[in-house]
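Please read these notes with the sequence and the model side by side.

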Amino acid sequence: MSAGRVGFVGDSYSSGHELPASAAMPRVVARALSTETVSAAVGGQGYTIGGQVAFLGQVERLPDCLDTVVVTGGFNDVMRGVPAPQVGVAAAAVFARVRQRWPRARLVVGYWWHHLALTPWAQEVWAAIRAAA
């Protein structure tokens, strides 16, 4: 199964902050799947964090023709103490917009939280994101 053209929305884990461009997740995926990738990801952003470059804004910056959209994040929302229900509402808006813009695209939702994934607070936020997906 081909991923086709893949768009990325996310935070520093997706944008490759402080990594060589060749090591950023979109480039790694492009090489692994022999496909084209496009990234709107910006470090320090989240579902509720970042104003115009929060995840909903990033969705708007992606090109019109995508086969797969990868949305990863939530770490910055957790780190700034955003309540899980608020993150869930914002995530639902992001996912709804992805489905509206690319109705035939595959939506892949994930997170990269290292040790924070084990905290009850982070688990609540991730549960809200999963429920929104």
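**Notes on the model**

1. The buried residues of H2 pack against strand S1 (6-10), helix H1 (12-15), strand S2 (37-39) and strand S3 (68-72); contact here means heavy atoms within 4.5 Å. Helices (H or I, at least four residues) and strands (E, at least two) are DSSP runs, numbered from the N terminus.

2. This is a predicted model, in which local features need pLDDT of at least 70 and side-chain atom pairs count only at pLDDT 80 or more, while totals for chains, interfaces and linings use all residues. Residues are numbered from 1 along each chain as its sequence is written, and side-chain values use heavy atoms, with hydrogens and water left out.

3. Which residues of H2 are buried? In this helix, residues 25-33, they are Met25, Pro26 and Ala30. Buried means under 20% relative accessible area, exposed over 50%, and partly exposed in between (1.4 Å probe, protein chains only). Seen down the axis of H2, the buried residues fall within an arc of 135°, so they line one face of the helix; the arc is that of the directions from the helix axis to the C-beta atoms. The face turned away from the buried side carries the exposed residues Arg31 and Ala32. Just after H2, Ser34 has a positive phi of about 50°.

4. Five of the five residues of S1 are buried, so this strand is largely enclosed by the rest of the structure. Val6, Phe8 and Gly10 point one way from S1, and Gly7 and Val9 point the other way. In a regular strand the side chains alternate between the two faces of the sheet.

5. S1 pairs in the parallel sense with S2 over three bridges and with S3 over five bridges. Two strands pair if DSSP finds at least two bridges between them. Gly7 has Val38 in S2 as its bridge partner, and Val6 stands opposite Thr68 in S3.

6. How many salt bridges does the structure hold? There are three, each a side-chain nitrogen of Lys or Arg within 4 Å of a carboxyl oxygen of Asp or Glu. Arg5 and Glu36 form one of them (3.2 Å, N to O). That pair links distant parts of the chain, 31 residues apart: Arg5 lies in the segment before S1 and Glu36 in the loop between H2 and S2.

7. Arg97 and Glu60 also meet in a salt bridge (2.5 Å, N to O). Arg97 lies in helix H5 (residues 84-101) and Glu60 in helix H3 (residues 55-61), so the pair ties together parts that are 37 residues apart in sequence.
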